[in-house]
Amino acid sequence: MENMKPRERVLTALMRGVPDRVPWIENDIEEGLQERIMGKTDFKPGELCKKLGMDGFGYHFPMGGTATAGQAMQAAVGFKESYYYPQKVTFDFVPPWIAEMGAIPETGRTFIKRGLLTSNDSLKLFDEYLPDPDHPERYERVANWIAQFKGDYAVFARIRLGSASMIESMGLVQFAYNVYDHPGLVKEVHRRFSEWSAKVVEHLNQMEFDFYWVNDDLADTRSPWMSREMLKEFFFPYQEIVAHAIKKPWVFHSDGNLLPILDDLLTLGMSGIHPVQPSAMDIKEVAKRYGQRVCILGNIDLDYTLTLGSPEEVDREVKERVTAVGQEGGYIITSANSLTDYCKTENVWAMANAIKKYGKYPLDQNLLK
Amino acid sequence: MTVVTNIHHELREAIIRGKREAMEPLIRKALSKGFRSEEIMNAMMIPAMDEVGDRFAKGEIYLPEMMIAARTMNTGLDILRPLLLSSGVASKAKAVIGTVKGDIHDVGKNIVAMMLQSAGYELFDLGIDVAPEKFVEAVKTHEPQFVLLSALLTLTMLMMGETINALQKAGLRGKVKVGVGGAPVTERFAVRIGADFYGQEARAAVIKCNKLISTVE
């Protein structure tokens, strides 16, 4: 029988304990999918959670507007105003990409055409692009939304350590060159983004968030984009600025294969790692090596199962993951990135049903056979 | 023979360590010792870049090391190109590459492009969100031997099949070998949509193109 409130369920698993059921929470649910699930755009975050049986929320919601594609909030043009005075419900506190942006007309999905932080001279763009991290308006609005919508759910803010901001605002190729050509520029850009995030976190620490979801991609499916030595020289000193400012539990998100650098990354002190992409890492190996140190989140495949597979395949995969890594708690089930608007709606429902079926503690070993 | 060993070694070291400023003096030195431009490219530089590619594929080196090596290689190829052309040596082959329609991700595509270019291929990079008809147009214009399609999303990888169909309809399918790659792509998917090959990572794409080169016009 489920006897924990969703927030307690999430926080228990995040602290590597055994809750009453494997919690389910997503880093993002794209607004188009939210709308398909709810059949409308004017719903509260908790209503979406209740309908799906999900245990918490963060990210952004179409309430107050029409559903838009995932990264639209990160478009740089006019970012400051939309950051201070968001028109739609959001719990995101990420800096804009300092980049020339483009958009696909058919979907509205935005993308980075070209990073703009390519020289010492370009550092002046920080003033133009970055909002004032101490501006009170966004914090006040979000505090009101938390008070209105939180209920029994776990609520998280999405932030960055600054690494993804540095890489994307420079461009991955330019970053690779700059490690050799302009190492000082790489460090300075990372430092500035990290110091901005640390200031934001100081405000968020005072708010009613339960944890943070920290999104900084550092790898592709094959390997991290840097060696351990580069991580220590170009990333760690700045990631630590944010990590030290954080006073709540936090989940670190990076796509790809982190195994070559995971020992080092974990010294930053995160409570959980996400999303353990099946095409990049074996969740059993991750759980075996690191399950005693951090909560594991993720691993329901987005490349095939949720997007192209059948509800039966989703059911089977949820069962396999719960069996493989959920036995002793410390596991939060999520998709292996986020629920994108091209996930099949029936597969999201299959995931919801399978979590209820297989995820109750003590786990029913007969059911999991 | 000491001279041969030295210049091989020096060019290899310059590429592996990404010392692009060393390329011009070293290539001049090799030419002054009587090596032909084709020999310098095929026997000295490409093997060095192959070594970099192999080490990258094995996880012994990381993206920045690979990228500066590729940049150095391309600096060398730029220096050699006029000499290669004047002696009638064409590029190894031509390839058109792009991320398919609807997809905005270009990290993997850029790495493959960089590695192919530094392996001696002439590259036409169409960028991201490339519609099937753009690939068709590029094949007509550039007459490549290879068309390489990239996608990061399950949603957009289906567009790889559409692109292959468009090449078929335009009567161009038999003229090119089509390779596909990207996080959600699998060998099985590649076969299903009628691609000629699948590259699990960048180095694999280069190796497969090298193997198929003799089978294309």
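Reader: What is phi like at the residue B:Gly88 that follows helix 4 of chain B?
Author: The phi of B:Gly88 is positive, near 75°. Helices here are DSSP runs of H or I with at least four residues, numbered from the N terminus. This is a predicted model, in which local features need pLDDT of at least 70 and side-chain atom pairs count only at pLDDT 80 or more, while totals for chains, interfaces and linings use all residues. Residues are numbered from 1 along each chain as its sequence is written, with chains lettered from A and ligands numbered from 1 in the order in which they are written.

Reader: How many residues does helix 4 of chain B have?
Author: Helix 4 of chain B, residues 63–86, has 24 residues. From first C-alpha to last, this helix reaches 34 Å, close to the 34 Å expected at 1.5 Å a residue (1.5 Å times one less than the number of residues).

Reader: Where does that helix bend?
Author: Helix 4 of chain B bends by about 40° at B:Leu80, the bend being the angle between axes fitted to the seven residues ending there and the seven starting there. A proline, B:Pro82, follows within four residues.

Reader: On another topic, how many residues of chain B are in contact with chain A?
Author: There are 20 residues of chain B in contact with 26 residues of chain A (contact requires C-beta atoms, placed from the backbone, to lie within 7 Å).

Reader: Which helices of chain B each supply at least two residues of that side?
Author: They are helix 4, helix 5 (107–118) and helix 7 (154–169) of chain B.

Reader: And which one gives the most?
Author: Helix 4 of chain B does, with five residues.

Technical notes
Two residues are in contact if their C-beta atoms, placed from the backbone, lie within 7 Å.
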